[in-house]
Amino acid sequence: WAYFLLYKGVLFKKMVSFQHLALRRVGDIDASMVSAYRSFTVQAIEKHFLGEGEKFVMAVFQPPYDQGVYGLVNNLGSIVVRTAFQPFEQAIFTAFSMTSKSKRKAGSLQRQADLLLLLLKLVSVFAGICIAFGPSYSFTLLWFSYGKKWALTEAPRILSVYCFYISAMAFNGVSEAFMHATADEAALKRINASLVAFSIIHSVTSIVLVKTLGTYGLVLAGCVSMLTRVAYCWRYTVDYFSAAKCPLGSILPAPASMAAGLVCCALVVVSERIHIPPGGEESASFDKVLRHFLFGAGLGVTLLFILYRKENAMLNSLKMFRKGKEE
């Protein structure tokens, strides 16, 4: 900050007016800017409650042990969110927000729609891999990460369900990044109102499912909340691209890719039952866990090769979009 203020003062003055920071002349601030600030502030508060509300539910309705198990699983999941999702979503937001509203012609809209569908297809491939391998390797991941003690708790089973939650978060992140990047002031107000409804739905669902299913219920409530938000975002997307073609079915991977994913999913489930049978987790040895891991690693490499061959058109299209952006 010191370097920025001392050596970049000229640029800083062009970017930000000190009277806006000090709020000494509120009357001179543009009304539209104030309205935008208000909308984004309300949105940030609502998203905070959506993201942190589940922790309040855990603190009220669950004992400390369950809170610790959920915290462990949530921290593991947040690694994926922070390292992969956040940069990806920020890049998507920047890419779509750079498109001026004045350029919303049919050709430009179709190009945006094609890009969004490609990104959603990429997310669907990631979600498929996560769902295919995640549940069968939750025990193994916790074994290698935190040791056998934590692997013998409820954490592996909760982490198995959390894999579906991560997949839902991936779809929601891309959809909301696009929606927030292209929404005008009126749409932002509707989005803020919808977030209030989503917060209420999430809170009620979390309380009901936690009381009936325990910690599993909280993860399922998160999945319901994410899928509801994805549905709302998709409704906005359909309206936004009303003058362009935006078929939902195009985000699905190729049939061969889905078939390969299903085969890998079935094989890793069988491998887990052989090496770490249900009820025999306590007797699991390092050798068995390692063999299960190596078997899954081999399948994973094979699946990635198949995806590279069958989804090559998607990768080439993404390269073309990137090359067109650079030019």
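Thr-140 counts as buried, because its relative accessibility is 2%, where buried means under 20% relative accessible area, exposed means over 50%, and partly exposed lies in between, all with a 1.4 Å probe and protein chains only. Thr-140 is found in helix α7, and, leaving aside its neighbours within four places in sequence, Thr-140 is in contact with Ile-276, Val-289, His-292 and Phe-293, contact meaning heavy atoms within 4.5 Å. The model is predicted, so local features need pLDDT of at least 70 and side-chain atom pairs count only at pLDDT 80 or more, while totals for chains, interfaces and linings use all residues. Residues are numbered from 1 along each chain as its sequence is written, and side-chain values use heavy atoms, with hydrogens and water left out.

**Helix α7 and its surroundings**

Helices are DSSP runs of H or I with at least four residues, strands are runs of E with at least two, and both are numbered from the N terminus. The buried residues of α7 are Ser-138, Phe-139, Thr-140, Leu-142 and Trp-143, and these buried residues pack against α5 (64-97), α8 (148-151), α9 (155-182) and α13. Just after α7 comes Gly-147, which takes a positive phi of about 95°.

**Aromatic rings**

A pair of aromatic rings is described by the distance of the centres and the angle of the planes. Rings of Phe, Tyr and Trp (its six-membered ring) pair if their centres lie within 6.5 Å, and planes under 30 degrees apart count as stacked, over 60 as edge-to-face and the rest as tilted.

| Pair | Centres apart | Angle of planes | Class |
|---|---|---|---|
| Phe-139 and Trp-143 | 5.8 Å | 50° | tilted |
| Phe-144 and Phe-286 | 6.0 Å | 80° | edge-to-face |

Phe-139 and Trp-143 are four residues apart in helix α7 (residues 138-146), so they are separated by about one helical turn. Phe-139 counts as buried at 5% relative accessibility, and Trp-143 also counts as buried, at 11%. Phe-144 counts as partly exposed at 38% relative accessibility, and Phe-286 is partly exposed with a relative accessible area of 45%. Elsewhere, Phe-96, Phe-178, Tyr-236, Tyr-240 and Phe-241 form one aromatic cluster.

**Helices α10 and α11**

Two packed helices are described by the angle between their axes and the distance between the axes. The axes, which are lines fitted to C-alpha atoms over the stretch in contact, with angles running from 0 to 180 degrees between N-to-C directions, come within 8 Å for helix α10 (residues 185-213) and helix α11 (residues 215-240) and cross at roughly 155°. That makes α10 roughly antiparallel to α11, given that angles under 35 degrees count as roughly parallel, over 145 as roughly antiparallel, 65 to 115 as roughly perpendicular and the rest as oblique. The residues making the contact include Ala-187, Phe-198 and Leu-213 of α10 and Thr-215, Gly-222 and Tyr-236 of α11.

**The chain as a whole**

The secondary structure of the chain comes to 14 helices and zero strands. Of the 327 residues of the chain, 42% count as buried. Among contacts between residues at least 6 apart in sequence, 81% join residues at least 24 apart.
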